[in-house]
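The following note sets out numbered points for a colleague who is new to this structure. Please read each point beside the model.

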Amino acid sequence: MATEAPPPQSPEDGSPVQPTTEAFLEAQNSAEFAELRRSHRSFAFPLTVGFIAWYLLYVLLSSYADDFMSKIVFANFNVAFVFGLAQFATTFLIAWFYSRHATNKLDPQAAAIKSRLEADA
């Protein structure tokens, strides 16, 4: 959740208050930050592995399954062309899923950590 409030200002020079190194290390070692990392990794790693496997399948089929990839699906479009277009569609779907995941799960967790760090500074 975004906030319209400006960052806390230090009274001396008007610059934003910065948490100390110890505060950053404490936040990094907190269960809250570990949950944020786990939430990100549990989403990003499986999708990355899945997409790489899907891409390699496309490359391997294009290299070794000429008969299958050259079959006409409709009009002048063959299986290889459909797979190629599906690569683009998959890329956009993954980006959209990640954006949704980040908005619903990661951003609120990160905002809570950030606000706690700024409040303690």
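1. Glu35 is partly exposed, with a relative accessible area of 32%; the classes used here are buried for under 20% relative accessible area, exposed for over 50%, and partly exposed in between, taken with a 1.4 Å probe on protein chains only. Its side chain meets that of Arg38 in a salt bridge, 2.7 Å from N to O, where a salt bridge is a side-chain nitrogen of Lys or Arg within 4 Å of a carboxyl oxygen of Asp or Glu. Both residues lie in helix α2, three residues apart, about one turn of the helix. Arg38 is also partly exposed, at 46% relative accessibility.

2. On the basis of the note: this is a predicted model, in which local features need pLDDT of at least 70 and side-chain atom pairs count only at pLDDT 80 or more, while totals for chains, interfaces and linings use all residues. Residues are numbered from 1 along each chain as its sequence is written, and side-chain values use heavy atoms, with hydrogens and water left out.

3. The count of salt bridges comes to three. One of them joins the side chains of Arg116 and Glu32 at 3.1 Å, N to O. This pair links distant parts of the chain, with Arg116 in helix α4 (residues 79-120) and Glu32 in helix α2 (residues 31-64), 84 residues apart; helices are DSSP runs of H or I with at least four residues, strands are runs of E with at least two, and both are numbered from the N terminus. Arg116 is partly exposed at 29%, and Glu32 is partly exposed at 32%.

4. A further salt bridge is formed by the side chains of Lys114 and Glu118, at 3.8 Å from N to O. These two residues are four apart in helix α4, so about one helical turn separates them. Lys114 has a relative accessible area of 49% and Glu118 one of 26%.

5. Which residues make up the largest nonpolar core? It has seven members: Ala23, Ala27, Leu36, Ala102, Leu106, Ile113 and Leu117. Two or more residues come from each of α1 (21-28) and α4, and the largest share, four residues, comes from α4. Such a core is a set of buried Ala, Val, Leu, Ile, Met, Phe, Trp, Tyr and Cys residues joined through side-chain atoms within 4.5 Å. Apart from this core lies another, of five residues, among them Leu61, Ala65, Val79 and Phe83.

6. The count of aromatic pairs comes to seven; rings of Phe, Tyr and Trp (its six-membered ring) pair if their centres lie within 6.5 Å, and planes under 30 degrees apart count as stacked, over 60 as edge-to-face and the rest as tilted. Phe43 and Tyr98 have ring centres 5.9 Å apart and planes at 50°, so this pair is tilted. Phe43 belongs to helix α2 and Tyr98 to helix α4, so the pair ties together parts 55 residues apart in sequence.

7. Phe68 and Phe83 form an edge-to-face pair, 6.3 Å centre to centre with 80° between the planes. Phe68 lies in helix α3 (residues 66-69) and Phe83 in helix α4, 15 residues apart.
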